[in-house]
2 protein chains.
Amino acid sequence: MSNSKDVVRKVLDQVKADNRTSLTAPEGKVVCDAYGIPVPKEGVSKSAGEAGKMASSMGFPVVMKIVSPDILHKTEAGGVIVGVKTAQDAEQAYETILGNARKYKADAKIEGIQVQQMLAGGTEVIVGSITDGSFGKLVAFGLGGVLVEVLKDITFRLAPATKEDALSMLDGIQAHEILKGVRGGEPVNRTALADVIVKVSQLVTDFPEIVELDLNPVFATAKDAIAADVRIVVDFAYQPKPKPRPTEEIVAAMSRIMQPKAVAVIGASAEDGKIGNSVMKNLINGGYKGDIYPIHPKATEILGHKAYKSVKDVPGVIDTAVFAIPAKFVAAALTECGEKKIPGAVLIPSGFAEAGAPELQAEIVEVGKKYDIRLMGPNIYGFYYTPANLCATFCTAYDVKGHAALSSQSGGIGMAIIGFSRSAKMGVSAIVGLGNKSDIDEDDLLAFFEQDPNTSIIAQHCEDLKDGRAFAEAAKRVSKKKPVVVLKAGRTSAGAKAASSHTGALAGNDKIYEDVLAQSGVIRARSLRQLLEFARGVPVLPTPKGENVLIITGAGGSGVLLSDSCVDNGLSLMSMPPDLDAAFRKFIPPFGAAGNPVDITGGEPPITYVNTVKLGLSDERIHSLILGYWHTIVTPPMVFARNMVEVKKEMEAKGFVKPIVASLAGDVEVEEAAEYLYQNGIPAYAYSTELPVEVLGAKYKWARGAGLL
Amino acid sequence: MSNSKDVVRKVLDQVKADNRTSLTAPEGKVVCDAYGIPVPKEGVSKSAGEAGKMASSMGFPVVMKIVSPDILHKTEAGGVIVGVKTAQDAEQAYETILGNARKYKADAKIEGIQVQQMLAGGTEVIVGSITDGSFGKLVAFGLGGVLVEVLKDITFRLAPATKEDALSMLDGIQAHEILKGVRGGEPVNRTALADVIVKVSQLVTDFPEIVELDLNPVFATAKDAIAADVRIVVDFAYQPKPKPRPTEEIVAAMSRIMQPKAVAVIGASAEDGKIGNSVMKNLINGGYKGDIYPIHPKATEILGHKAYKSVKDVPGVIDTAVFAIPAKFVAAALTECGEKKIPGAVLIPSGFAEAGAPELQAEIVEVGKKYDIRLMGPNIYGFYYTPANLCATFCTAYDVKGHAALSSQSGGIGMAIIGFSRSAKMGVSAIVGLGNKSDIDEDDLLAFFEQDPNTSIIAQHCEDLKDGRAFAEAAKRVSKKKPVVVLKAGRTSAGAKAASSHTGALAGNDKIYEDVLAQSGVIRARSLRQLLEFARGVPVLPTPKGENVLIITGAGGSGVLLSDSCVDNGLSLMSMPPDLDAAFRKFIPPFGAAGNPVDITGGEPPITYVNTVKLGLSDERIHSLILGYWHTIVTPPMVFARNMVEVKKEMEAKGFVKPIVASLAGDVEVEEAAEYLYQNGIPAYAYSTELPVEVLGAKYKWARGAGLL
C-alpha cells in the first residue's frame, strides 16, 4: 500500500501546486487504480491491430475516441465511436476515426486512439465519501437513479469501514432487495461491491484532505463492480479533530469528580432560594460523607460547614468544585481551582455560549486546558452519583439508588429524568447534566460508566455530539458490555432548527446519526418516554439466549396487538413446532388457540397462566416470553402478578432464566399488579400492548449489537 | 355513458359465452376506448399514402405491423418496423413490409398494415383495480418499474374515486416527487393521469364482474397518460355485499338498545360469581332507572326484581335482552325474543364461531334476520351507556360520565379501556364490546353515535371490518361532524396471523386500511395507548382555526424534542413574522431565543409564561400552542398550572379560543399539575414531549379531514 500512497500523494501534490480543489478525471483514475478501485479498462492504441487486440483483452463492447491535443470537440470531428462489438469492428473503427480526424484537421497531432471498456447493464449504485463536522470521514452507499434521489435511500458508515460494515451497507438501504436480483435481474457481486466501499473508505482515511468523493454511477453486476465516473474534491486546509484523550486518563479524572473525597462549593450561600444554598443543602441532605468546603468571600461558616475565601485556602485535597457564581466570575475562580490542582469543575452557571457569550466560554476552556481541569457544563443543573450519596446540583435531592446512569444535554430533560425516576421507582446510579459541553461530554461519561460497577445501563439525551467519532468509538466498545441508549433530539429539520437556536450546535444529518449509532451498537430511543422506559426496563431483563419470542395471552385481542408490536420492534415470533403446540394445548381449553400467540382464553384460572408460562420457561427452544393478561374475577390482577413472580423464581432456581415482559388489560387494579411485576423483574405495563414489547425489543437490539445473539 | 356501457357489456357477454376469465388485448382496448381510457392510437392502412397520413395524425414515432391471418410470426416475416419517424418513412415502411410479406408467403391474405403509436419517455406508472373481501372495488396507483416493486410504493382508494381522490393518490405514494419532475424531467399531466384513475374506478364500479384490472405501464407525460398494456380479469360469479341498512333504520334500533326503557336479563342469577348475577348487579348498582326483568326457568325473584320464565311472559315492552346463558341455548331464547318483538340482543356468551362452532353462530344470525333483532356479539363483555346509567355487562360498573364513545372487538381490550378511563378520569358516554360481530359492527355504532348528543368522539378498536366499504362510507359522513379514531389490530403480517387465529377474520392488506381510513377522515391510532390518549385528549381541545403552531417553552431541550414531535405528527411550526418575534422578545430574557420555539429560558417567573402565552393566544396569526414547562423553584408546577388555566379562561372570555397542550419536565409534582391542566382543558403530560403533540396532531388530522382547515 505504501507505493499506492506514494502514487496518490504525488497526484494530490500536483493538485495542491495548481491551487485546485478537485481532481481531473485522469487523476481520479490514477487514484482509483492505486487503491484497486475498479474503473473502466482503457488504453491508447497506435495501430488498428493494436486497437483490436486491446479491445479483445478488455471485453466488448468498447468505445473508441481520438486522442489529440488539437481536437477538442471529438464528437464533432467524428472522433468517437461507441458500441464497438468485435476485434474486427475495432480495427475498422480505428481507421474510420483516423480518417475523420484527418479530414477534420489535416495537421492535427494525433497521439493514438483511446479504447475504453463500455459499462452497461447490472445495477447502478453510488459509492461516496463525505466529511462530517462531527463524525469526520464517512463512507456512503446508495442506489443510483432518479428514484433514489427522490427517496434519499442512502446509508453511511464511519470510515474506514470493515468488510463487514460494507456488507451491512448493502442491506442498509430501503431498496436492498434490488441488489439480490428481482424480476429476473442478476444479483450483484456483493464481495466486489463491498470491496469498493472498503477501498474508498481507506483512501479517504489515508488522505484526510479528500473531503468529498463520488463514484457515480458504479455498475454492479454479477461479475464485478466498476466505477464509471470518479469525482474527488480536496481541501488541503482540512484538519481532523485531535485524538480523544486516552480512556484511562478520562476514567482517572472522572472517577475523582464522580466519587470525590471532598467537594468545594464556589458561591455557597446560607440564603434560601440561592443556587449556592440549594447545592449546599443537597450535598448535606443527600447524605454525602466526604468533606464539604463552602467558598464565600465573607462568610466563616455556611450550614454548619467552615467556609473559605478561596479554594486555595482549604487545607486538604479537593476533587470536585461546584460553581454557583455568575458567569463573569467563573474564569478567575477556575484559575484558583487550577492552582489548587482540583481535577474537576461542575459549572452550573449559565451566561456562556448559549447566551451569546462564546468568548466567556472560550476563556474558561483555556483555563481548563492550562491547568488540566475537566469541566462539566457550563449551563447545567449539576449531577447526581447515588453510590456516593452525591447530589452536586441545585435540583431536589435524589435517593432511589440503582444501576441506570442517565445524562442530558438540557436541564429541562434532566428534571424530567429526575421526576420520572422517582415516580417510576427507577433506581439510578447517576444523573448528569452536560449543558454546553465545553469539555466533558457523552464519551467521557461512557468511559467512566463502562468501568463503574454501580452502573449497568447508560442512557443519554443529546442534541448534538461535539465529536461524533470519539463517541461512536467509545460507544462501540462500551455497548459490548453495557447497553447504551441514546435519545438524539433535533432529528427532524424543525427539531434541528430549534436545537441550533438553543445551543448553537449544528445538528447533523439524521441519517448519519441513525446509521453510525447503529454501527456503534447504540439503542436509539425515539422519544423521551422511550429513553426513560428503556433505562428502567432493559437492565431488569436477563439477556435472551436466542431470537424465539413466544406470546402467552389470556386476551386474544392483546395477542394480536402484541404480535403487531413484535414486528414493529424487530422481534421474531417463534413458529411453533408440533410437539410444543401439542404440549401447550394440554393446558388450554379446546377452543383456545395454540400456535403463537398461545391464546389461553379469558376465563381461565391462575393455574392455566402458571402451567403455560412454566412450559414456556422450561422449553429450551423458547427464548423470551411476552404475557398478555386479561383481568377477570377468576384470576384477579394481583393473583396473576404473584403467581407469575413465583413461577419466575421457581424456574430461575432450576436454571431457566429468560426475559419476560407483560401487558395488563383490566381495571385500575392492574396498575398495582404492573408495579409489583416490575419490581420483581418482569417489566409490565397497564393499558399498553406496545411498551412491554418495545422494552424487550431494546434488550434484543442490545444483545445483537453486543454479539450475544 | 349508456352507450359505453353497452359496448363493454357486449364484450363481457362474449367473454362469458366463451367461458373465459380474462379479456384479450383487443377486447381490453375496446373496453378502454368505450370508457375513454387512453390507449395507443392505432389503425390499419390499406395503402402507403394512407399509412403516411395515419402515422402523421397519431404523432411519431409509430410502429408498423403486417396484418394477415396467414402470417403468425410477424417479425420472422419481416413484417414489423419500429421507430418510424416521418410520413415519408411510413410510406416507405408500408412498401417494405408488403414486399417482405410477399416474399415470405406469396399467397398470404393481407388485410393491411397496422400503424400504432409508439409510447416512450415520460414516467411509467401503474393504474389498476382489485376486489377486496371487505372493501369491494378498489382503485390502485403506483409507479412502474423494479424499484417500486421492491418498495411496494402503491396507494389505494375506494372505487368509484372522485377526481379529488385521484389527485390525492398522486401525492399518496412515497416517491410522489417524481411526478412533479426531478433532475430535469418534465412533470406529468396530473389531470390526465387522475382522469385515467377516475375512469378505471368507474368502469369496475359499473361492471362488478371485473375483479382485477391492470394498466401497466401507463406512460405519463407532460401531455397525456396512455396505457400501453391492459389486463382485465373477470369473475361472473362475483357478488358485491348487499347494501347496508338505511342509517335511520340503524339509528332507530340502536337507540332502543342503547337507551332502553326496559332490559331483560336472560340467564339472570342470584348466585355470586355467575355472569347472570354480575349483569343484574351492574344494572342495579349502575343506577339504571328503567325496568329490569330477570329471566330464569325457576326463580320468582332475583335481587329484588320479579323473575319470569320467558321474555314472552313479561307484560311490558322490552327493548334490550342481555344474554347470560350457554351458547347452545341462545337460539331458542332468541326466537322467544323475536316473538316478543325485542329489537336488540346483547349476546355475552362465547362458544360460537371463535370456538369452532360457526354453525351455532349461523343459526342465531338466521333467527336475528327472521325477527329483525339486532345482535351485539356474541362473545362480548356487553356494553356501557353512561347517559342512561346503563351497565349491561358482567364487568365492573363504570360511572365517569363524559363524551367519548369507545368500542372494542376484543374483551381484553375492552377491560383496558375501562381501566384506563377510570385511572385517567376520562369521561365516557359508552364502551361497547363487539366480539364476533355476527350483526352489529363498527358502522352501526358510528350511525348511533353520530346523532348521539352525549358523544363527541368515537374511538374504535378492531381486528377486521366485516364490511369495510359500509364502514368507510359511514366514517366519511360521521367524521365530518365528530372525530373517529380507529386502532386497527393485525397491521403486520404476524399480527394478522394472530388475528385470524383469534376471530377467524381474514386480516386485510394494511396499506388498503391505511389509505381507505385516511380517505374516510378516520384518525388512525398506532397503538392501544394512542387510541386511549386520543379518545381522552382530542375532545378536550377546541378546533384550531389554522395550521400555525407555536411552541413556548421554559426548557430549550423540550423545545427541540417538541419540534421533532411536530414534524412527526404533521404539524406546521409557524415561521415567525419579525413584528411577532419582537413582541415576544419583550417578555423574555435577552439570551432567550425567540423564533419558534419561543425559548423563555428556565429561570423565569410565572409572569413570563403568562405574558408569552397571552400573546400567543391573542395574536390571530397563531392557531395553536404547545407549552414546554420546566420545573423550577421560581415557578413551581402547580403555580404554572393554575396560571395557565387562568390565562386560558381569561383569553377565552375575550373570544380567543385555541388548542393548548403541554409537556411538563420536572420532579413528581408535575404529575398533579398535568392532571389539573387536563381537567381544565389543556391536555398535559409529565415526562413526555411526544404525547401532547400526538394529541394535538390528531385534532389537526381530524379538522383537516372534516374540511374545517
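Before the first stop, one term: two residues are in contact when they have heavy atoms within 4.5 Å of each other. Also keep in mind that this is a predicted model.

**Stop 1: both chains.** Colour chain A and chain B separately. In general, two copies of a chain are related by a rotation about an axis and a shift along it. Here, a rotation of 180° with 0.0 Å of shift along its axis puts chain A on chain B, with an RMSD of 0.3 Å. That is the relation of a two-fold axis. Now look at where the chains touch: 100% of the interface residues of chain A are interface residues in chain B too, so the copies meet through the same surface.

Stop 2: You can count 23 helices and 30 strands in chain A. Of its 709 residues, 59% count as buried. Take the contacts in chain A between residues at least 6 apart in sequence: 70% of them join residues at least 24 apart.

**Stop 3: an annotated stretch.** Select residues 29–65 of chain A. UniProt, in an unreviewed entry, places the feature "domain: ATP-grasp" there. The span is 46% helix and 22% strand, and its end C-alpha atoms lie 17 Å apart.

**Stop 4: an open sheet.** Stay in chain A and find the 5 strands that run in the order S12-S11-S15-S16-S17, with parallel pairing. Which strands stand at the edges? Select 291–295 and 374–376: these are S12 and S17 of chain A, each with a single partner strand, so one side of each has no neighbour in the sheet. Neighbouring strands of this sheet are turned by 20° against each other on average, direction ignored.

Zoom in on S11 (residues 262–266) and S15 (residues 320–323) of chain A, which pair in the parallel sense over 4 bridges. Click A:Ile266 and you'll find A:Phe323 of S15(A) opposite.

Stop 5: Bring chain B back and select every cysteine. Finish on A:Cys337, which counts as buried at 1%.

Terms used. Residues numbered from 1 in each chain as written. Chains lettered and ligands numbered in written order. Predicted model: local features only at pLDDT ≥ 70, side-chain atom pairs only at ≥ 80, totals over all residues. Heavy atoms only, no water. Least-squares fit on C-alpha atoms with pLDDT ≥ 70 in both. Pairing = 2+ DSSP bridges. Helix = DSSP H or I, 4+ residues; strand = E, 2+ residues; numbered from the N terminus. Axes fitted to C-alpha atoms, helices over the stretch in contact; angles between N-to-C directions. Buried < 20%, exposed > 50% of the residue type's maximum accessible area, 1.4 Å probe, protein only. UniProt positions renumbered as here; feature names shortened; annotations may be inferred.
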